[in-house]
Amino acid sequence: MQEWHEIIIPSTPQGRRQAEAEIMTRAQELGFSQEATFSIKLALEEAVTNAIKHGNHFDKTKKVLILYCCNHKNFTLTVRDEGEGFDPEKVPDPTAPENIRLPYGRGIMLMNAYMDRIEFSPKGNEVTMVKENR
Amino acid sequence: MTEAGGSQGRLAVTQKSGVHVVHFLDRKILDESNIVELSDELFDLVEKNRGIKMCLNFGNVQYLSSTVLGKLITLNTRINEDKGRLVLCAIRPQILEVFKITKLTKLFDIVDDEATALSHFN
């Protein structure tokens with residue numbers, strides 16, 4: 001049975017950096033490819049940024065919970081904030097002609113593109129993503 | 001011909017034949033604080049040089065986030081408003097893929113290298 005690791009960070013860039021350093025070190029120790037570590041880093045950045053900005057609204061008293069579970073084949077990440085949640089189905093398509101010039105709204109698209117599986121909790125304040133090591 | 005050069009906090013700016021060539025000094029453009037700083041520097045350059053011809057060289061950049069994409073879109077819009085032009089170049093394949101996935105290759109002028117970018121302004 002795989003072990004889950006827990007990181008709880010404040011809603012600050014310093015907190016995100018700390019979590020990212022731990023997770024990237026673990027991915028590299030497990031021999032994840034450069035392509036896979038790029039994907040994990042990008043998806044983690046987008047998920048934690050969304051949690052801090054849209055979930056916790058930069059409230060430093062609110063925390064972001066990051067759980068990860070990994071082996072040589074798969075890296076699973078869960079990011080949870082203390083926000084109200086949202087419906088990811090209602091996020092506009094940033095590639096649609098009417099949205100292509102908007103300077104926001106691409107984070108979830110990148111998470112979907114770079115990770116092999118991604119799932120939001122029913123409330124929408126938690127996302128779980130899996131990257132396979134190929 | 002190099003006309004002038006200089007380094008601001010997070011950017012190195014050189015003028016070549018009337019084109020402002022901008023290199024990012026950070027390899028990872030992720031942190032909100034870094035992004036705000038470099039965005040301020042880029043927009044300051046645009047405000048001081050109306051109608052600017054700008055070549056953004058990504059050769060040093062290994063990572064960026066969707067927040068940076070948003071700043072680049074706003075920068076491109078601002079430059080176009082003043083009848084200037086922005087060309088992006090030397091983007092690593094993994095970073096270029098980010099532009100392709102988000103279909104921003106349709107919005108930006110993206111070329112392989114700096115020499116090609118400079119020729120685009122002539």
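An axis, in what follows, is a line fitted to C-alpha atoms, for helices over the stretch in contact, and the angle between two axes runs from 0 to 180 degrees between N-to-C directions. Keep that in mind as we walk through this structure, which is a predicted model.

Let's start where the two chains meet. The axes of α3(A) and α3(B) approach within 10 Å, crossing at roughly 120°. If you want to find the contact yourself, look for A:Met109, A:Leu110, A:Ala113 and A:Tyr114 in α3(A), which meet B:Gln94, B:Glu97, B:Val98 and B:Ile101 in α3(B). Sorted by class, these residues are six nonpolar, one polar and one charged.

Now stay with α3 of chain A and turn to its neighbour within the chain. Helix α2 (residues 34-55) of chain A and helix α3 (residues 107-114) of chain A have axes that come within 9 Å and cross at roughly 150°. Because of that angle, α2(A) is roughly antiparallel to α3(A). This crossing is left-handed. On the α2(A) side, the contact includes A:Phe38, A:Leu42 and A:Ala47, while the α3(A) side includes A:Ile108, A:Met111 and A:Tyr114. In this contact there are eight nonpolar, three polar and one charged residues.

Which of its residues are buried? They include B:Ile95, B:Val98 and B:Phe99. These three lie on the same side of α3(B), because they cover an arc of only 95° around the axis. Just after α3(B), B:Lys103 has a positive phi of about 60°.

Finally, compare two loop residues. B:Ser65 sits in the loop between β6 and α2 of chain B, and A:Tyr104 sits in the loop between β3 (74-80) and α3 of chain A. Is each one buried or exposed? B:Ser65 counts as buried because its relative accessibility is 1%, and buried means under 20%. A:Tyr104, with a relative accessible area of 54%, is exposed, since exposed means over 50%.

Terms used:
Residues are numbered from 1 along each chain as its sequence is written. Chains are lettered from A and ligands numbered from 1 in the order in which they are written. This is a predicted model: local features need pLDDT of at least 70, side-chain atom pairs count only at pLDDT 80 or more; totals for chains, interfaces and linings use all residues. Side-chain values use heavy atoms; hydrogens and water are left out. Helices (H or I, at least four residues) and strands (E, at least two) are DSSP runs, numbered from the N terminus. Angles under 35 degrees count as roughly parallel, over 145 as roughly antiparallel, 65 to 115 as roughly perpendicular and the rest as oblique. A crossing is left-handed if the near helix is turned anticlockwise from the far one by less than a right angle, and right-handed if clockwise. Contact means heavy atoms within 4.5 Å. Ala, Val, Leu, Ile, Met, Phe, Trp, Tyr, Cys and Pro count as nonpolar, Asp, Glu, Lys and Arg as charged, and the others, Gly among them, as polar. Buried means under 20% relative accessible area, exposed over 50%, partly exposed in between (1.4 Å probe, protein chains only). The arc is that of the directions from the helix axis to the C-beta atoms.
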